[in-house]
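Subject: Handing over the structure

Hi,

Here is the structure I promised to pass on to you. Have a look at it first, and then read on for what turned up in it.

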Amino acid sequence: MYGKRPLSTLLTATVLGVSGVVLGPVQPFARAVTPVESVDSAPAVVIPGASSFVPVRNGVLSAGEHGYLHFEEGIGNTWRTYGGAAKPVVVDPDATSPYGSYSLGTGSDVVVDYDDEGKVVALKDVVTGETGTVALPAAHDLVGVFGWNVLTRDTTGQNLTLHVLDTRSGVLRDRTVEGTPAERFYRMEIPGSLGDDDGLVLGLNGRTYWVDTTRARATSLPDQVSLSRRDSALTPDRLLYRQGSQLSVYDRADLGRAPLRMPVTDEKDSSILGLVGDDLVIARHDPLNGILGGDAPSLRVEAVPLSGGTPRVLVARSTGRAVGAPDGGLLVDGGPGTADYGVYRVTADADGRARAVRDSAVASRNVVNVVRRLSFQQGRLTSLEGVAADGRKGVYTRSVTATASDLAYGARQDRGRVPTELPEGCQIDQGCPTVQEAGDGRLIYDHEGIPMHRVDEGAQLPGTAVDAGPGGVLGSSGRWTVAIVFGFDGTSQSRVIDTDTGRTVRTLPGLGASLDGTALWVHEPGSGAVIGYDVRSGELLNSVSIPNCTVTSADVVGRWLRWTCMSGGQGVYDLRARTNTPLGIDSSTRTELGDGFLAYFSEGRIKIRELATGTVRDIGAEGVSPETVWTVDPATGTIAWADAQGGIHLVGSGVATSPPRVTDAVVPAAANLRSASWKPRWWVSKPAGSCSLTLKRKSNGAVVRTLSGGPARGVVAPVWDGRDTAGRHVANGAYTWTLTAGPADGQGAALSATGSLSVTGGVPAWRDMAGTTGSAICW
């Protein structure tokens, strides 16, 4: 399919048309041929799914003097000593969260198991083996555990009371925290990253406090400090707070004193992690690493010298979740890539420069790409795939060679990532970008918030912006792209864009439905009319009216026009025989029109109906559903569908394709060989196995040059430098040319086209000619 869309919810579409059909009334409905069901025996092949490695969910939960508590999916919470000095100890195999919590223990080698139902805190020093138990009074709720101190809150009255509990002396000691607000309590904010074994920063009634759990005392800070993880960090001797382009640095020895302030870069997608040595450590979003959010390792950890200078990359990829260590360093997850991941320890060297050294490894898993869209034209198959490694949508192209008995595919070419963040679960017809094969190796894509772009053959996204006028892509064919524009008054128009220049050349009336070669087919809303225009001139080509039908969608391939009625049902109109045939297929059934066949989803299967005979075949697609991504290449008669493992299945239709024909051409009638070579272009309806261009002297019919080329997909683009077979420049005058292109699939007669050419700048002034050497390039 060439980007077909139901017209009632039109987002995009693409199809090409038949020119030169005489206008006339629609003939009565032809009697539908009784279909014969059979299992398809056409050639088939599977393109294996691509995949990428991603780290399992993981995170450092707390850090002490000798090691750290770490979560890793599939293992749970494990205590690891720095440098692997001792065997890891599994603390909680049932843990499921990579996010730290004060209830797990903070800033020491003490780990915690809290029984929420019984309100009992069990503590254990993993290094010494010392244990303790603290039973919370009935009126107390747990805030967190800091070293051996258990911080609770009592809100039974109108005022808040904080308590520090411990049992290291053998009996429960309960100390009331001094310095908390005396007024009625109404709000407490507890950030998850501003605590250590001495206490934590929290918000009480809209003010910020440092709560020292060792001394059971709260100190109000002179400023209202943000408690967000991205703008604040705690070190053993400093509290950091970023507000806009200013960084406030508090001395923990005297938190009531005004902080030191210094300039810092204000970045929306960055986080303050800590201060290590003489470097501020931050995490910045790197778009090349993927989308921002969740567990995606899309940030880059950097050291920014406080004295100024160029930031240094410490860890190339990370989630940016860091935990401070008692030695003033940091622990952060990350690695050079998603397949090589671990926990890094950030410490200061002898010169006060922060450095990162891997302390332990984190497992990665191989995740297959999810195919979200397919575009298939002229034996070029392009897929839009969700890539787990960066969470973005990648575009990939492969060549497909089809004959009546064989299918083969070429290497997978990475065309780049769509330059936007998109929902992971974008659907077949909504939520995902429109990526269209133009048939000559170029891609056209757009999406809400992304202007229309052209990506040249072999190039990567983002490509070149095309006319940024209103409307979304209907389809693209060769040098023409069509966008649909909806007016505020409910009307619609179709903008015809020159793909080479990116400029709109004309606007045609009606709701665009299909682009077939240079024929744009539009629909008249509320009627049964489908009208064809020549996009090159705007000339009316054809008009058909489907009886007793309000057409809601249509697409055209060659002689066949498929229609859908609002009242239900689909059918095909033969533009050559001028007959109309209902197919007995419900209007809600997804269909894709090919060259002489219709592919459709029915009863959990993908089936093919041969339009000339009515014969129906099952293509043998297993595990398909209404959500399955699939499409058709009319030029090769091949169906492509994606499975749950990211594989793309190719199946031949078994229906002979039409002979190749020229659908469009740009053939200069004259060539001045002094200024340039002659570079004609012919767009053809299906891949050619080989092509040749013969040039003859018009006066006597003598052949002066024959240019030969290999396979051509969509366009034949030879280059003639004006030399004859012997390498001499030809004389000025009139010449004729003949283009021959044989079908790559061996079906149908070879294409043949002829014309004339006037040559100037040839003999005797051949030394002034500039151009390339004579060759024929068939792409």
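A word on terms before the first site: contact here means heavy atoms within 4.5 Å. Please also keep in mind that this is a predicted model.

With that cut-off, and leaving aside neighbours within four places in sequence, aspartate 574 is in contact with Arg559, Trp560 and Thr579. Aspartate 574 belongs to strand 52, which covers residues 570–574. With a relative accessibility of 4%, aspartate 574 counts as buried. Its side chain also reaches the backbone nitrogen of alanine 577, at 3.1 Å.

**Salt bridges**

How many salt bridges does a search of the whole structure find? The total is 46. One of them joins arginine 57 to aspartate 295, with the closest N and O atoms 2.8 Å apart. This pair links distant parts of the chain, 238 residues apart: arginine 57 is in the loop between strand 3 (51–55) and strand 4 (58–63), and aspartate 295 is in the loop between strand 25 (279–285) and strand 26 (299–305). Arginine 57 is partly exposed at 31% relative accessibility, and aspartate 295 is partly exposed at 31%.

Glutamate 385 and arginine 412 also meet through their side chains in a salt bridge, at 3.4 Å from N to O. Here the partners are 27 residues apart, with glutamate 385 in strand 34 (residues 380–387) and arginine 412 in the loop between strand 36 (407–409) and strand 37 (413–417). Glutamate 385 is buried, with a relative accessible area of 1%, whereas arginine 412 is partly exposed, with 38%.

Another salt bridge forms between aspartate 516 and arginine 661, where the closest N and O atoms are 3.7 Å apart. Aspartate 516 sits in strand 46 (residues 511–516) and arginine 661 in the loop between strand 60 (648–652) and strand 61 (662–666), so that the pair links parts of the chain 145 residues apart. Aspartate 516 is buried at 5% relative accessible area, and arginine 661 is partly exposed at 34%. Salt bridges with shared partners also join Asp237, Arg238, Asp251 and Arg257 into one network.

**Rings**

The count of aromatic pairs comes to 4. In one of these, the ring centres of tryptophan 720 and tyrosine 735 are 6.2 Å apart. Why is this pair edge-to-face? The ring planes stand at 65°, and planes over 60 degrees apart count as edge-to-face. Tryptophan 720 lies in the loop between strand 66 (715–719) and strand 67 (733–743) and tyrosine 735 in strand 67, so the pair ties together parts 15 residues apart in sequence. Tryptophan 720 is buried, with a relative accessible area of 0%, and tyrosine 735 is buried too, at 2%.

Elsewhere, the charged end of arginine 345 sits over the ring of tyrosine 82, at 3.8 Å from its centre.

Strand 38 is joined to strand 39 (residues 443–447) by 4 bridges, and valine 435 stands opposite tyrosine 445 in strand 39.

Strand 42 (residues 472–477) is largely enclosed by the rest of the structure, because 6 of its 6 residues are buried. It runs antiparallel to strand 43 (residues 480–486), with 5 bridges between them, and valine 473 stands opposite alanine 483. The two strands form a hairpin with 2 residues between them, and glycine 478 in the turn has a positive phi of about 60°.

**Backbone**

The peptide bond from leucine 461 to proline 462 is cis, with omega near 15°. Proline 462 lies in the loop between strand 40 (450–455) and strand 41 (464–465).

Lysine 119 is not a glycine, yet it has a positive phi of about 55°. It is found in the loop between strand 8 (110–115) and strand 9 (120–125), and at 18% relative accessibility it counts as buried.

Best wishes

Methods
Residues numbered from 1 in each chain as written. Predicted model: local features only at pLDDT ≥ 70, side-chain atom pairs only at ≥ 80, totals over all residues. Heavy atoms only, no water. Buried < 20%, exposed > 50% of the residue type's maximum accessible area, 1.4 Å probe, protein only. Phe/Tyr/Trp six-rings, centres within 6.5 Å; stacked < 30°, edge-to-face > 60°. Lys NZ or Arg CZ within 6 Å of the ring centre and 35° of its normal. Pairing = 2+ DSSP bridges. Polar contact = N/O pair within 3.5 Å; in protein donor to acceptor, adjacent residues only side chain to side chain. Salt bridge = Lys/Arg side-chain N within 4 Å of Asp/Glu carboxyl O.
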